[in-house]
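Take a look at the sequence and the model below.

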Amino acid sequence: MRKIARPLLAAAFVGQGVQALRQPQQAGQTARPAFEGLKQLPDEIAAKVPSDVETFARANALVQIGGGVLLASGRLPRVAAAVLAGTVIPGSAGGHRFWAEPDAQRRADQRQAFLTDVSLIGGLMIAAADTEGKPSLGWRARRVARRAYRQAAEALPITSGDGALETVGERVSAGLLAGAEHAGPLLEAAGERGAQLAEVAAERGTELAHAAREGATKLADSARRRIHRA
């Protein structure tokens, strides 16, 4: 379908561009309203517009031919369609000023031609938005952004018990603080228990030392008595 529709849509612009190159004076008269409107824009834009209306009409014709060829051949069709849409007003719509036509029949004809040009702009807008079934760059960018946001939301925020959101750092800090609070009483109890054990061990050690000394004295006296008897 696109291989047929694109050449049909581009044919009008290629033909109009060729005709404008052959008849630059007539094309200049058609493009004069757009030319004069551009000249009234700020100097940054007006300076880029050709000084001669016929040169402006030729440039517009060349854009129509080039854009039509690209659109018909399927090369950069979206860009070509967007560019061609910008050439409709200076290329043809400027010559269909039906509101300034005094004759009723000619006014009706010019109105119909103007509406035809408007329809061309609509068709070109559709062609410029046609992604051929592929996701557009804007859709891809939004999808990547949503995926990145979702991954960040899953990795970083944590919902606390009261429904508030906490970051990972806040949750870790809270865990460390809670651990320190629980560890404090345990360490204090362990210190007190250790002191008690040390005191008991010291008392038992003293008793054992006295008992060992008394036992050693008794053994020494017994050994001396045995030696004297012998």
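## A tour of the model

Leucine 76 is exposed, with a relative accessible area of 57%. The phi of leucine 76 is near 50 degrees, a positive value in a residue other than glycine. Most residues other than glycine have a negative phi.

Keep in mind that this is a predicted model.

**The whole protein.** The protein has 9 helices and 2 strands. Along the sequence, the order is α-α-α-α-α-α-α-α-β-β-α. Of its 230 residues, 19% count as buried. Contacts between residues at least 6 apart in sequence tell us about the fold. Among these, 58% join residues at least 24 apart.

Helix α2 covers residues 24-39, 16 residues in total. Its end C-alpha atoms are only 19 Å apart. A straight helix would reach 22 Å at 1.5 Å a residue. Where does α2 bend, and by how much? The bend is at alanine 31 and comes to about 55 degrees. A proline, proline 33, follows within four residues.

Several residues of α2 are buried, including Pro24, Ala27, Gly28 and Thr30. Ala31, the site of the bend, is buried too. What covers the buried residues of α2 includes α1 (2-22), α4 (53-73) and α6 (88-91).

Leucine 38 is also found in α2. Leucine 38 is partly exposed, with a relative accessible area of 27%. Not counting residues up to four places away in sequence, leucine 38 touches Ala46, Val49 and Phe56. Leucine 38 and valine 49 are 11 residues apart in sequence. In space, their C-alpha atoms are 7.2 Å apart.

**Two buried glutamines.** Glutamine 64 belongs to helix α4, while glutamine 110 belongs to helix α7. Is each of them buried or exposed? Glutamine 64 counts as buried, at 1% relative accessibility. Glutamine 110 also counts as buried, at 17%. The cut-off is under 20%, so glutamine 110 falls on the buried side.

Which residues do they contact, leaving aside neighbours within four places in sequence? For glutamine 64, the contacts are Phe13, Val14, Gln16, Gly17, Leu84, Thr87 and Gly91. For glutamine 110, they are Gly95, His96, Arg97 and Phe98.

| Residue | Relative accessible area | Class |
|---|---|---|
| Glutamine 64 | 1% | buried |
| Glutamine 110 | 17% | buried |
| Leucine 38 | 27% | partly exposed |

**The largest pocket.** How much space lies in the largest pocket? The volume is about 330 Å³. Its lining has 19 residues. Gln16, Ala27, Thr30, Gly91 and Ser92 lie nearest its centre. Some of these names have come up before. Ala27 and Thr30 are buried residues of α2, and Gln16 and Gly91 are in contact with glutamine 64.

Which helices each supply at least two residues of the lining? They are α1, α2, α4, α6 and α7 (104-129). By class, the lining has 7 nonpolar, 11 polar and 1 charged residues.

How values were computed:
Residues are numbered from 1 along each chain as its sequence is written. This is a predicted model: local features need pLDDT of at least 70, side-chain atom pairs count only at pLDDT 80 or more; totals for chains, interfaces and linings use all residues. Side-chain values use heavy atoms; hydrogens and water are left out. The expected span of a helix is 1.5 Å times one less than its number of residues. The bend at a residue is the angle between axes fitted to the seven residues ending there and the seven starting there. Buried means under 20% relative accessible area, exposed over 50%, partly exposed in between (1.4 Å probe, protein chains only). Contact means heavy atoms within 4.5 Å. On a 1 Å grid over the protein atoms alone, a cavity is a set of points where a 1.4 Å probe fits but cannot get out, and a pocket is an open set with protein on both sides within 12 Å along at least five of seven lines; lining residues have an atom within 4 Å of a point. Grid points are joined across faces, edges and corners, and a volume is the space filled by probe spheres set on the points. Ala, Val, Leu, Ile, Met, Phe, Trp, Tyr, Cys and Pro count as nonpolar, Asp, Glu, Lys and Arg as charged, and the others, Gly among them, as polar.
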